[in-house]
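Here are a few exercises to work through with the model open beside you. Try each task before you read its solution.

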Amino acid sequence: MKNMTGGQAVVAALGAQGTDHVFGLIGSAGMEIFDALYDARDIRFIGVRDERTGVHMADGYARASGQAGVFLAGQNGPGATNLVTGLAQAHAAYSPVVALGGSLSSAHIYRDAFQEVDQQSLFKPITKKTYTLTQTARIPEMVGEAFRTALSPRRGPVMLNLPRDLLADSLDASAYGAFERAQVFDTLTAPRAVLEQAAQMLAQAERPLIIAGGGVKNARSQRAVLELAERLNAPIAMSPGHGDAISCQHPLYAGQVGPRGNAVASDLAKQADVILALGTRLGFNTTFYQRDSLNPAAKLIQVEIEPTALGRFFPVHVGILGDADTVAQDLVAALQGLPAHPGTAAWAARFAEQRRALLQQRDEAAGAAADPLQPAYLFKTLREVAPDDAIYTMDAGTLCLQATDQMRYAQTPALFTPLDFGLVGFSYACGLGAKLAQPGRTVISLMGDGGFGMACSEIGTAVANGINTVCLVMNNGCWGAEKAYQRDFFDQRYLGADVPNPPYDKLAELWGAQGFRVDRAADLARTVDAAIRCGRPAVVDIQVDPNALYSFRRDSFKNRAK
């Protein structure tokens, strides 16, 4: 091609970065890019119904694939502002989303032009980096820089604003920079002396514990971490939202730790004498920043790829700047020849018995099929019915927060949640992106009825593109978290908590998807199994007990506790 438009250059640059999916919503500012995508046979375009949910799809794709998820907002102004929630979510999750946004023509800036928004300033606080293109000839460079920044440690979303006049400009192809794939270097470890110091502490531990976070999961470090844990006889607890960092089928798997975790894993953290915090900040969801979430007498070794995270919330005995996978492998090597503490076998055996008792207690507490349907029975049914390859996406409502430690995560990665951003309306769209990244796996999206109401227009996207996920709508007719707070702390003065809904199974059918409804607990397992097997986008409207409400953030309402 002798000459190319800026829009064609963008698509060529995306191809050079290995992009195979672009999520987007068409708009006039980006028409040159959309026209160029028409001819890009190696890039599949997924047109969405809303920019926010489209970014959630790109986020899910990024997390499930380990590569950058790309979203294209075709309209400046409102098309760009609709990205805010999705990018803020990706920022909180350190998810490598590359957002391309059409923006105002260069000649119209600062003139109160139609749909004028300062997009550079708008996105700076909620992205790892925001760029605005200044020359058409720099498109290959800037797209490459966006990918390099998004994928370099710590990963995160990047916004690239593309003025519409620069997309329309045409230049000789030789005037462009090279269309080369950005190089990313993401392996980092500590000096040998520091590794040996940490290895000595771990070898001498009688009650060692590994707390694995997003750094383990995102680096796909399961093999190295399991080898280290087996060498130490150390149970592996995981930070909330990363309960899939290793397979739940391994005997050292403890599930999620902390105030939002399970009792066995949380007690391990309070009893361990040496804790290896591997790829985790030990942040809010893991500890509530409370020192008693971890044994105050324990020696703490923290491994993080981000230097400012080391020792930020808890004093550490050894801080290691490095990626979880490389450091775990290097610690295994440093432990060679060091005798293990004789007490670790009893520590691991005691944990295994407690874990077995916890799982048995969960199943017994869930009970048999009884109406009204209880959330615990739904979770038990999923443990029994869902296949080992299942990927779960979840919202941040209380039903989903209860579910995160309840599912079976047999293959990693298998769990994608809003993490610290804590929004609802995320799960369904995220699941669509995850399914495109992992088409051979079963994707199950859990969410409440309120959250699904925010995202249900994307059923059309699923049908149009044949994205066969299963969305389980836990329908209790209310914003459950807030109604629980009004019940427990505000004398049942209910306002704005109830949500009247249409029959979501019928809505799914109107969109062309497969709709299912569960009114009786006795029908749950059969219906969920049918939805998984139907081979179409599926929505299951599950009527759960509207009184099964739980106040997660009781700490926020201490002033009203009676």
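**Exercise 1. Find the domains into which the protein chain is divided.**

Solution. The chain splits into domain 1 (3-175), domain 2 (192-355) and domain 3 (367-555), with bounds that come from an automatic or database domain assignment. Residues are numbered from 1 along each chain as its sequence is written. This is a predicted model, where local features need pLDDT of at least 70, side-chain atom pairs count only at pLDDT 80 or more, and totals for chains, interfaces and linings use all residues, while side-chain values use heavy atoms, with hydrogens and water left out.

**Exercise 2. Describe the interface of domain 1 and domain 2.**

Solution. Start with the separation: the C-alpha centres of domain 1 and domain 2 are 38 Å apart. Next, look at contacts (heavy atoms within 4.5 Å): seven residues of domain 1 touch five residues of domain 2. Then take the area. The size of an interface is often given as the accessible area lost when the parts come together. Here about 520 Å² is buried between domain 1 and domain 2, and carbon and sulfur atoms give 44% of that area; buried area is the accessible area (1.4 Å probe) that two parts lose on being put together, summed over both.

**Exercise 3. Locate the salt bridge between domain 1 and domain 2, then one elsewhere in the structure.**

Solution. The criterion is a side-chain nitrogen of Lys or Arg within 4 Å of a carboxyl oxygen of Asp or Glu. One salt bridge crosses the interface of domain 1 and domain 2. Glu-306 and Arg-154 form a salt bridge through their side chains, at 3.9 Å from N to O. The whole structure has 19 salt bridges. Among them is Arg-281 with Asp-420, at 2.8 Å from N to O. That pair links distant parts of the chain, 139 residues apart: Arg-281 is in the loop between β12 (274-278) and α13 (284-287), and Asp-420 in the loop between β16 (415-416) and α18 (427-437). Helices (H or I, at least four residues) and strands (E, at least two) are DSSP runs, numbered from the N terminus.
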